[in-house]
Amino acid sequence: MRIGELSSRTGVNAHQLRYYEAQGLLEAERGANGYRKYGESAVLRVKQIRHLLGAGLSSEDIAYLLPCAVGEAPDLIGCPESLAAMRARLQRLDDQMDRLARSRDTLADYIDAAERSGSRTYPPFEGADQQPVPA
C-alpha cells in the first residue's frame, strides 16, 4: 500500500509516517517510481508506535521496544532491551515528577507567605497620585 492508504487506515498523517521511517521505526520499500510501498504489517506497526508514544516513550525508546512488541496494544514480551528501556523511561518520569513536586511545594510556600503578610500594597507608594498595579 502507498503512504496515503497507510495514513487513511491508521489515522496518522503522511508526515508522521515519514518521520517514523526516518527514525527506523517503520520500513517501506521503494517502487520503480520512487513511491513508498508498505506491507500489510505496517498498519499494526504504526498502531504499536502510536500506543507507545502515548505512554510517553521517545522514538529512541520505541526502537528498542518494537522487536519485543506483540499485538496492537502492544503487549511487550520480557526482552532485556525492552525492560531496560522501560525502566530508564520510568526513572526519567520519576525524576521529572520529583522536580515538579518540589516546584509545586515552593510555589505553595510563596503563596502561603504572601497570604500571611496581608493585603498590603507592595512596593509601598509614597505619592498620593500613584496607584498599585491591580492583581
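1. Arg9 and Glu40 meet through their side chains in a salt bridge, with 2.4 Å from N to O. Arg9 belongs to helix α1 and Glu40 to the loop between β2 (36-37) and α3 (41-54), so this pair ties together parts that lie 31 residues apart in sequence. The model is a predicted one, and the distances and angles in this note should be read with that in mind.

2. On accessibility, the two partners of that bridge fall into separate classes. Arg9 is partly exposed, at 37% relative accessibility. Glu40 has a relative accessible area of 52% and counts as exposed, because the cut-off for that class is over 50%. The pair also has a further partner: Glu5, Arg9 and Glu40 are linked in a network of salt bridges.

3. How many salt bridges does a search of the whole structure find? The search finds five. One of them joins Arg36 to Glu21, with 2.6 Å between the closest N and O atoms. Arg36 sits in strand β2 and Glu21 in helix α2, so here the parts tied together are 15 residues apart in sequence.

4. Another salt bridge is formed by Arg92 with Asp61, whose closest N and O atoms are 2.7 Å apart. This pair links distant parts of the chain, with Arg92 in helix α5 (residues 80-116) and Asp61 in helix α4 (residues 59-65), 31 residues apart. Arg92 is partly exposed, with a relative accessible area of 37%. Asp61, at 7%, is buried, because buried means under 20% relative accessible area.

5. Next, the packing of two helices. The axes of helix α1 (residues 3-10) and helix α2 (residues 14-22) come within 9 Å and cross at roughly 105 degrees. The two helices are therefore roughly perpendicular, a class that covers 65 to 115 degrees. On the α1 side the contact is made by Ile3, Leu6 and Ser7, and on the α2 side by Ala14, Leu17 and Arg18. Sorted by class, the contact has four nonpolar residues, one polar and one charged.

6. A search of the whole structure finds one aromatic pair. Its members are Tyr19 and Tyr20, with ring centres 6.4 Å apart and 65 degrees between the planes. The arrangement is edge-to-face, because the angle is over 60 degrees.

7. Are the two tyrosines buried or exposed? Tyr19 is partly exposed, with a relative accessible area of 42%, whereas Tyr20 is buried, with a relative accessible area of 3%.

Definitions and conventions: Residues are numbered from 1 along each chain as its sequence is written. This is a predicted model: local features need pLDDT of at least 70, side-chain atom pairs count only at pLDDT 80 or more; totals for chains, interfaces and linings use all residues. Side-chain values use heavy atoms; hydrogens and water are left out. Rings of Phe, Tyr and Trp (its six-membered ring) pair if their centres lie within 6.5 Å; planes under 30 degrees apart count as stacked, over 60 as edge-to-face and the rest as tilted. Buried means under 20% relative accessible area, exposed over 50%, partly exposed in between (1.4 Å probe, protein chains only). Axes are lines fitted to C-alpha atoms, for helices over the stretch in contact, and angles run from 0 to 180 degrees between N-to-C directions. Helices (H or I, at least four residues) and strands (E, at least two) are DSSP runs, numbered from the N terminus. Angles under 35 degrees count as roughly parallel, over 145 as roughly antiparallel, 65 to 115 as roughly perpendicular and the rest as oblique. Contact means heavy atoms within 4.5 Å. Ala, Val, Leu, Ile, Met, Phe, Trp, Tyr, Cys and Pro count as nonpolar, Asp, Glu, Lys and Arg as charged, and the others, Gly among them, as polar. A salt bridge is a side-chain nitrogen of Lys or Arg within 4 Å of a carboxyl oxygen of Asp or Glu.
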